[in-house]
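Let's take a friendly walk through this structure, a few places at a time. Keep the 3D view open as you read.

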Amino acid sequence: MREYLDGSPPPGRALVETGELVAGSMSRAVAGLLFDPATSRLQLDERLAACLRDAASAAADLGSTWERARAGAALAFAAELTVTRSHQGRPVRGDGFFSVRVAPRSDGERLVEAVVLAARGTTEDRRIRHLGYLVAEVAVSPDIDAALADRALRLAERCTWRQLVLLAAVGRRERAPLPLTPLADDPRPWTAWGAHEDLTDLQRAGLLDPPPADARPGSPVRPRLRLADLRLTRTGVLLHRLLALDFVRDDDLAAALADLDVPRP
């Protein structure tokens with residue numbers, strides 16, 4: 001059914017369209033794809049489309065416009081990247097991830113619900129694109145089970161936008177070299193200090209190698225860290241992959257490096 005008898009769209013469709021506040025006009029195209037696929041030029045696997053529709057309908061009565069917008073945008077981004085991956089030869093997995101087996105709902109349904117909840121709760125709108133992308137990447141990755149997807153989402157929820165950008169910068173270091181200039185141990189400007197703490201927290205969380213360095217025996221001075229020395233750990237690689245952090249824009253990378261108060265090479 002395309003619309004109600006009074007001409008209004010289904011509440012789930014209206015929610016996805018509200019995502020336009022965060023995701024731009026793409027949300028309206030996705031709303032058509034999900035709720036009126038016969039009129040859309042795009043195609044989306046019906047198993048995933050059903051999960052996204054159900055999640056949109058469940059969130060349609062949210063009282064806050066911005067919560068609705070964030071939920072709708074996450075669903076739109078999930079659909080957008082899944083369509084792109086399909087065109088790249090990576091179809092939606094057929095291993096039962098979207099099938100109801102023992103539990104009342106499928107793994108796919110639970111993941112979509114969890115991502116919508118995470119998107120609703122963030123105030124950093126730029127994170128929402130990558131939360132939605134997590135659904136898409138898991139949907140086309142049969143090597144990622146439900147427990148691992150949940151682990152990645154919990155890690156992502158603990159990262160700020162700037163931390164995700166820093167992970168993106170390290171992840172593309174081979175094609176976009178990072179500065180060789182050592183970072184200050186205790187930078188005086190507050191912005192640089194906060195960015196440095198963000199970076200150190202990523203090391204402590206096991207997302208970046210090397211971990212934070214202790215002072216050498218007999219010396220109060222710690223070894224100086226250079227961004228060029230950082231590597232993604234295996235956990236960092238997982239998060240980088242499932243959040244599709246390759247899509248982080250170069251100007252966001254430049255802004256994060258500026259926050260650290262180090263020159264771009």
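Asp107 belongs to helix 6, which covers residues 107-121; the model you are looking at is a predicted one. Is Asp107 buried or exposed? Its relative accessibility is 18%, and buried means under 20%, so Asp107 counts as buried. Leaving aside residues up to four places away in sequence, Asp107 is in contact with Phe97, Arg101 and Ala146.

Next, turn to helix 3, made up of residues 26-35. This helix is mostly covered, with 8 of its 10 residues buried.

Our last stop is a pair of helices. Helix 9 (residues 161-171) and helix 12 (residues 250-260) have axes that come within 9 Å and cross at roughly 105 degrees. Angles of 65 to 115 degrees count as roughly perpendicular, and helix 9 and helix 12 are therefore roughly perpendicular to each other. On the helix 9 side, the contact is made by Trp161, Arg162, Val165, Leu166, Ala168 and Ala169. Helix 12 contributes Asp252, Leu253, Ala256, Asp259 and Leu260. What kinds of residue make up the contact of helix 9 with helix 12? There are 8 nonpolar residues and 3 charged ones, with no polar residues.

Key: Residues are numbered from 1 along each chain as its sequence is written. This is a predicted model: local features need pLDDT of at least 70, side-chain atom pairs count only at pLDDT 80 or more; totals for chains, interfaces and linings use all residues. Side-chain values use heavy atoms; hydrogens and water are left out. Axes are lines fitted to C-alpha atoms, for helices over the stretch in contact, and angles run from 0 to 180 degrees between N-to-C directions. Helices (H or I, at least four residues) and strands (E, at least two) are DSSP runs, numbered from the N terminus. Angles under 35 degrees count as roughly parallel, over 145 as roughly antiparallel, 65 to 115 as roughly perpendicular and the rest as oblique. Contact means heavy atoms within 4.5 Å. Ala, Val, Leu, Ile, Met, Phe, Trp, Tyr, Cys and Pro count as nonpolar, Asp, Glu, Lys and Arg as charged, and the others, Gly among them, as polar. Buried means under 20% relative accessible area, exposed over 50%, partly exposed in between (1.4 Å probe, protein chains only).
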